[in-house]
Amino acid sequence: MNQIVSYGILCEDRAHKNFIEHYLTQCHPGVFQQNEQFGWQIKASTAKEVEDALPDATRQAFTKYGLDILFVGRDADSSESKQIEALKVKLSTLCRAHANVILMIHVQCIEHWLLYLQWHQQNPESTKNEPLEHIVRHEAKLKIYGGKLRVEKQLEKANELLADFDLNWLESRSGSFKHFHKQVVTFLDNYSR
Amino acid sequence: MLKRVSIQNFKSLKDVTLDLQKVNLLIGPNNSGKTNFLKALEYMDKDNTNQSEPEYERLIFRPSESSLINIELFYDHTNEYNVQVVFTCQIGSTAQIERSRDLIQNDQRSNGTKLHYNPEDLKQRLRPIIIYKPDPNKLIQPGHVATGEEIVNSDASNLVGFLDRMLGNKYRKSVFNKIETDLYTCVPEFDEISLDDVSVTEELRKQFGDKSLKRIGLTNSKLGVTYWADELSEGTLYFLALLCIINQPNPPKLLLLEEPEKGIHPRRIEEVINFIFGLADDKGIQVIMTTHSPAVVDMFKDMPESVFIFDKDEEGATHVKNLQLDIIEPETAESKKAGFDPPQYLNGLGEAWKVGFIGGVPR
């Protein structure tokens, strides 16, 4: 592919944005470039804001800012598959007019993806398929951030786990990550045609 | 009513024009030019015609690029239909302040034939023009009496002295009683305003000196209970300050308010803004206010033409967009053309602003 893909992010917190940026840089190097204007202008900070803003964010993303793709990050805040499916349907409906939207919906919250990476880092040789999504949110955050409250400190902890993370391993453990990654791969397949 | 304000090269306002409504809301990040806009209005009220402006270099936007500061206020003519009166203040490179009055009829400006300028014409429309920023924290403080104050301060910190003056024979009926009546209408649990002596402690003596001090209280006469300022909510104190501002002996016709939500509990914000709307409806006071609160912005969802969004560009010049004319209408047309749903900002205007859809957000 010789054309750079211009992207934007609409998500509920900086942990989401940080993950997407790491993922795109590491897993698709030299392919994506963040639209700077969209990046500072459009910023949600809660799950409700992400949902409320989705129709206008998608419209502005592709008309005003000329993005190729918009990433939308939202924690499912649940481990119940029915609720997660309902959320996917809801978000898809809110941005139905636009094809190039990738939904990043985590079972419970994004820290559970990091939790898998942490487990893998601590048990590099293990082939055991240890499910971690039952761990409650605040416990997951405590394990990842070690009680740090300041966002910058939390991101430092996250970045330690995200440095050269094993994409294939995470895809094999987390269904929600697999769903996210698959959307990106499909988009790139279609985009390069 | 002030219909239009056009400003060139005043502080960050390189070239802005606002078509005003009865109530107007200015939003934007800190240092985007909202206060400069209010200061330009304040400047128009100064008695400095034909004088030299000592602060010229500080007032002009980028002195190397421009030399003429121009502020114009457009009013409807009091008697003549379809005629506008324009008051202009210009300061050129000699720093000489020139003011003039002009007419516009059927969209034609009386080109070059500036009418005789009488400063009283504009003063009657503006005065007193003060940028009000009542601070509930200052209202709970005791204050000096017998100061003879007939004008409420910008931060309303002189309310004790002002109310004490209004209690005198000259203003008791026309002002003080009116404030009490209005207060009862807004906050029915109180029907009397009381001033009580404060015993001067060492700490107060350090702060205020030896003069006698009083504190403000609001009384429910049926129950015979008085709540003193430090026991009252910020919202109630804010109402009291606003009532004093609008009922003062020489009340503003154009009320400039900075951040009326400051220090107010989120639930009380709606009441304060609703009260301000009432000033425009019932008393014919035109209001221009700034805010940083999405809750205040939400209250303008049915009047997007009253919302002005301030942003600065990279050279530091302020740009102002009208929510209805410059954002919603063009985006709606563009969406229709592209076959998308139109903008839905008005369903949650405060949130749409905070997320960044309408501009006016910090980087």
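Reader: Which element gives the largest share of the lining of the largest pocket?

Author: In this predicted model, that share comes from α11(B), which contributes 5 residues to the lining of the largest pocket.

Reader: And what other elements give two or more residues there?

Author: Besides α11 (323-338) of chain B, the elements that supply two or more residues are β15 (307-312) and β16 (318-322) of chain B, together with α2 (36-41) and α3 (47-63) of chain A.

Reader: How many residues line that pocket, and which lie nearest its centre?

Author: The lining of the largest pocket consists of 31 residues, and those nearest the centre are W40(A) and Q41(A) from chain A, with D311(B), K312(B) and G359(B) from chain B. The space in this pocket comes to about 660 Å³, and by class its lining has 11 nonpolar, 9 polar and 11 charged residues.

Reader: What about the second largest pocket, how much space lies in that one?

Author: The second largest pocket holds about 430 Å³. Its lining is made up of 26 residues, of which K43(A), K354(B), V355(B), V361(B) and P362(B) are the closest to the centre.

Reader: What lines the largest cavity?

Author: Its lining is formed by M44(B), D45(B), K46(B), D47(B), T49(B), R99(B), Y117(B), P119(B), L122(B), K123(B) and L126(B). Helix α3 (residues 119-126) of chain B gives the largest share, 4 residues, and the lining as a whole divides into 5 nonpolar, 1 polar and 5 charged residues.

Reader: OK, helix packing next. At what angle do α5 and α6 of chain B pack?

Author: Helix α5 (residues 159-166) of chain B packs against helix α6 (residues 169-186) of chain B at an angle of about 125°, and their axes are 8 Å apart. The two helices α5(B) and α6(B) are therefore oblique to each other.

Reader: Which residues make the contact?

Author: On the α5(B) side the contact is made by F162(B), L163(B), R165(B) and M166(B), and on the α6(B) side by K170(B), Y171(B), R172(B), V175(B), F176(B) and I179(B). By class, the residues of this contact are 7 nonpolar, no polar and 3 charged.

Reader: Where in chain B does N106(B) sit, and what is its phi?

Author: N106(B) is placed in the loop between β6 (97-105) and β7 (108-109) of chain B, and although N106(B) is not a glycine, its phi is positive, at about 50°. Most residues other than glycine have a negative phi.

Reader: What about D107(B), what phi does that residue have?

Author: D107(B) has a positive phi of about 65°, and D107(B) is not a glycine either. The loop between β6 and β7 of chain B is also the place of D107(B).

Reader: Zooming out, how many helices and strands are in chain B?

Author: Chain B has 12 helices and 16 strands. Its radius of gyration is 22 Å, close to the 21 Å that the globule rule gives for 363 residues, so chain B is as compact as a globular protein of that length. Along the principal axes, the C-alpha atoms of chain B fill a box of roughly 65 × 55 × 45 Å.

Reader: And chain A, what pattern does that follow along the sequence?

Author: Chain A comes to 9 helices and 4 strands, in the order β-α-β-α-α-β-α-β-α-α-α-α-α along the sequence. Its radius of gyration is 16 Å, in agreement with the value near 16 Å for a compact globule with 193 residues. The box filled by the C-alpha atoms of chain A is roughly 45 × 35 × 35 Å along the principal axes.

Notes. Residues numbered from 1 in each chain as written. Chains lettered and ligands numbered in written order. Predicted model: local features only at pLDDT ≥ 70, side-chain atom pairs only at ≥ 80, totals over all residues. Heavy atoms only, no water. Axes fitted to C-alpha atoms, helices over the stretch in contact; angles between N-to-C directions. Parallel < 35°, antiparallel > 145°, perpendicular 65-115°, else oblique. Contact = heavy atoms within 4.5 Å. Nonpolar A, V, L, I, M, F, W, Y, C, P; charged D, E, K, R; others polar. 1 Å grid on protein atoms, 1.4 Å probe; cavity = no way out; pocket = protein on both sides within 12 Å on 5 of 7 lines; lining within 4 Å. Rg over C-alpha atoms; globule rule 2.2 N^0.38 Å. Points joined across faces, edges and corners; volume = space filled by probe spheres on them.
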